[in-house]
Amino acid sequence: MRTAGLFLLPMYLSLEVSVGKATTIYAINGSAILLPCTFSSCYGFENLYFRWSYNNSETSRILIDGIVKNDKSDPKVRVKDDDRITLEGSTKEKMNNISILLSDLEFSDTGRYTCFVRNPKEKDLNNSATIFLQVVDKLEEVDNTVTLIILAVVGGVIGLLVCILLLKKLITFILKKTREKKKECLVSSSGNDNTENGLPGSKAEEKPPTKV
C-alpha cells in the first residue's frame, strides 16, 4: 500500500494547469480579452484533450474543446460553441499554450472560465484551473494618492521615533560622562585635602593655640 501511495503522488502532481497569477481579470464591454491557459507534464503527452467551459449563476456550457496530438503539433479544435472565440494556443518551444481569445465582449460574458486538461499518457489524469472575467463599462484608474500619503506619514513617524531614540541615547551618554568627570573631580579634591594633614580619609583641622 505504501508503494502504491508513493507511486500515485508524483503522478497526480505531474500534470499541471495554469491560468496565470490573477484570479480575476477585467475587460471593457465590446473589446477583446485573452484568457490564458498553459499545461505541463513530467511524463509528456499524447492526444491530450483540452476544453474551455463557461459558467455563471444561470448557465453553464462548453465553449471550445480540442486535441493536442504531441509536443510537435499545435492544438486542433474539435468543437467551438461561439464564433467570437479563437484558439491562440501553440506547443512550439514547449509553451504548451491553449489560451483563447474572446472578442466583442458583452456584459453577459461575465463569469467563470475553466481550462480543463486530460492526458491519456498518464492514465487519463486530468487537472483544471479557473479564472473569473468581469466585463465592465470602463476601467477605473486606481488613485494611489491616499496610499502615498499614508506611507509618507508612517515613514515620518518612524523617522521621528528613530531621532528621539538617538537623541535619548546621546543625552544619556553626555550625562554619564558628566557624572564621571564630576566624580573624578571630587575624588581628586578629597585626596588633596587629606595630603595636607597627613591623615587619610579626613580633612586637616586647625588646632587652637595653647594657653600659657
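This note goes through a few local features of a predicted model, point by point.

1. The disulfide. The count of disulfides in the model comes to one, and the bond in question joins Cys-37 to Cys-115, with a distance from S to S of 2.0 Å. The pair links distant parts of the chain, 78 residues apart: Cys-37 sits in the loop between strand S3 (33–35) and strand S4 (38–41), while Cys-115 belongs to strand S10, which covers residues 111–119.

2. Geometry and surroundings of the link. The angle about the S-S bond is -80 degrees, and the link of Cys-37 and Cys-115 is left-handed. Both Cys-37 and Cys-115 are buried.

3. Ser-14 lies in helix H1, which spans residues 2–14. Because its relative accessibility is 2%, Ser-14 counts as buried, the limit for that class being under 20%. When neighbours within four places in sequence are left aside, Ser-14 is in contact with Ser-40, Ser-41, Cys-42, Tyr-43, Glu-122 and Leu-125.

4. Two residues with positive phi. Asn-47 has a phi near 50 degrees, which is a positive value in a residue other than glycine, and Asp-104, also not a glycine, has a positive phi of about 50 degrees. Asn-47 is found in the loop between S4 and strand S5 (48–55), whereas Asp-104 is placed in the loop between strand S9 (100–102) and S10. With a relative accessibility of 44%, Asn-47 counts as partly exposed, and Asp-104, with a relative accessible area of 49%, is partly exposed as well.

5. The largest pocket. What is the volume of the largest pocket? The value comes to about 170 Å³. Its lining is made up of Ser-40, Ser-41, Gly-44, Phe-45, Glu-46, Asn-70, Asp-71, Thr-91, Lys-94, Asn-96 and Lys-121. Sorted by class, this lining has one nonpolar, six polar and four charged residues.

Notes. Residues numbered from 1 in each chain as written. Predicted model: local features only at pLDDT ≥ 70, side-chain atom pairs only at ≥ 80, totals over all residues. Heavy atoms only, no water. Disulfide = S-S within 2.5 Å. Helix = DSSP H or I, 4+ residues; strand = E, 2+ residues; numbered from the N terminus. Buried < 20%, exposed > 50% of the residue type's maximum accessible area, 1.4 Å probe, protein only. Contact = heavy atoms within 4.5 Å. 1 Å grid on protein atoms, 1.4 Å probe; cavity = no way out; pocket = protein on both sides within 12 Å on 5 of 7 lines; lining within 4 Å. Points joined across faces, edges and corners; volume = space filled by probe spheres on them. Nonpolar A, V, L, I, M, F, W, Y, C, P; charged D, E, K, R; others polar.
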